[in-house]
Amino acid sequence: MNIKLASRVAQLPPYLFAEIDRAKTAARERGIDIIDLGIGDPDMPTFDNIVRKLQEVAPNPVYHRYPSYQGLKVFREAVANWYDRRFGVKVDPATEVVSLIGSKEGIAHISLAFIDPGDISLVPDPGYPVYNIGTLFAGGRSYFMPLKEENGFLPDLDAIPEDVRQKAKIIFINYPNNPTAACADRAFYERIVSFAKKYNIIVCHDAAYSEVYFGDKRPMSFLEVPGAKEVGIEFHSLSKTYNMTGWRIGWAVGNPEVIAGLGKIKTNVDSGLFEAIQIAGIEALEGDQGPQEELRAIYQKRRDVLVKGLSDAGFKVRSPEATLYVWFPVPSGMTSAHFCKTLLDKAGVVATPGNGFGPAGEGYARLTLCLPEERLKEAVERIKKAGVI
Ligand code: MLT
């Protein structure tokens with residue numbers, strides 16, 4: 001039998017983090033003690049109150065049948081209340097909230113709802129690979145918006161050619177940003193809203209890192225800006241905020257027509273999110289938020305250790321105000337891939353090459369804050385010894 005992949009799949013590069021997993025496994029098999037700062041996967045456990053809530057409700061057979069497609073009403077209400085408390089944003093739980101099997105799932109599916117073959121999505125470069133991949137799966141094309149350091153890693157909307165603006169259906173944005181760790185201000189979101197209105201483009205803001213911030217400046221929601229709900233939606237997730245990457249729980253909120261379009265795709269491809277997990281998700285949003293403060297303090301200390309260590313080692317590193325990532329230029333004369341391979345081979349440290357997030361990421365590498373301080377110190381020592389700089 002001749003089994004042939006569909007061209008939409010055959011054309012894909014290997015998924016970035018699957019490729020890094022492969023390199024890691026190979027290095028481990030060579031006996032290297034790996035310090036894995038590759039993926040943004042929190043190393044600490046889900047908060048106790050959330051785990052206990054799942055233990056309490058999981059045995060209840062009421063949750064063992066197919067979940068609601070949209071998400072439990074009480075879960076959608078908890079999301080709406082959280083948006084109000086945290087951002088002062090009002091959303092209607094009946095029509096403006098949909099539960100997701102993690103925000104990645106919604107990001108991957110949104111293009112199927114709104115992109116026809118030949119349509120364009122405006123995609124940040126570097127950026128989370130799924131914005132582009134979802135667009136390709138829908139038969140669309142990505143127009144990559146370079147995020148340049150001199151622009152604070154914000155896209156330059158004026159640089160997008162007129163014919164591209166006319167054809168674009170979706171613009172993906174993501175702040176606090178993965179991988180650059182940049183934050184956006186109100187003025188940026190205001191520009192996005194007026195740009196989207198003028199060209200009739202749906203804004204999809206990925207806000208997965210809004211709660212991983214350091215200091216007093218809390219990142220804002222794009223939906224705080226007047227007119228935002230007319231033009232778009234925001235994706236969110238419990239993954240990074242409550243150490244819940246394995247649970248696969250997230251949501252999208254915002255424009256009811258966009259939410260309905262995404263919901264229509266989902267009713268046809270999945271059957272919702274285990275309701276016991278949604279109940280635990282309510283506990284996350286409404287229970288004790290103290291552990292979140294502690295988590296931010298831990299990441300902040302880790303950030304300081306890593307940034308100082310890398311700076312002392314001679315790297316030009318900016319201290320991030322949010323996210324789980326430190327994004328920095330690789331030594332001159334090296335490509336991102338060469339640098340990360342050298343780091344793995346000579347130091348046993350897994351870093352993500354910037355070009356894995358798109359061509360404009362070339363010349364950068366990303367390290368995560370997802371290991372304890374001691375391990376980060378060791379990583380820095382090994383990097384120093386490896387003599388890569
Ligand atoms: C990352 O490391 O970029 C993210 O953790 C990947 C993800 O959230 O899926």
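Predicted model: local features only at pLDDT ≥ 70, side-chain atom pairs only at ≥ 80, totals over all residues.
A residue counts as buried when its relative accessible area is under 20%.

**Stop 1: the ligand.** Around it sit Phe 17, Ile 39, Gly 40, Tyr 128, Asn 178, Tyr 209, Lys 240, Tyr 325 and Arg 366. Colour this shell by residue type: five are nonpolar, two polar and two charged.

**Stop 2: polar side chains at the ligand.** Pick Lys 240. One of its polar side-chain atoms is 2.7 Å from a ligand oxygen. Move to Arg 366, where a polar side-chain atom also lies 2.7 Å from an oxygen atom of the ligand. Then take Tyr 325, with a side-chain N or O atom 3.4 Å from a ligand oxygen. The ligand alone exposes 270 Å², and the protein buries 85% of that.

**Stop 3: the two domains.** Colour 7-45 + 290-386 as domain 1 and 60-286 as domain 2. Both domains supply residues to the shell, so the ligand lies between them.

**Stop 4: helix H6.** Select residues 130-137. How many of the eight residues of this helix are buried? Six are, so H6 is largely enclosed by the rest of the structure. Highlight the buried ones: Val 130, Tyr 131, Asn 132, Ile 133, Gly 134 and Thr 135.

**Stop 5: the neighbours of H6.** Show helix H5 (103-114) along with strands E3 (120-125), E4 (141-146), E5 (168-174) and E6 (202-206). The buried residues of H6 pack against these elements.

Note on methods: Residues numbered from 1 in each chain as written. Heavy atoms only, no water. Near = heavy atom within 4 Å. Polar contact = N/O pair within 3.5 Å; in protein donor to acceptor, adjacent residues only side chain to side chain. Areas by Shrake-Rupley, 256 points an atom, 1.4 Å probe, with all protein chains shown as cover. Nonpolar A, V, L, I, M, F, W, Y, C, P; charged D, E, K, R; others polar. Domains from an automatic or database assignment. Buried < 20%, exposed > 50% of the residue type's maximum accessible area, 1.4 Å probe, protein only. Helix = DSSP H or I, 4+ residues; strand = E, 2+ residues; numbered from the N terminus. Contact = heavy atoms within 4.5 Å.
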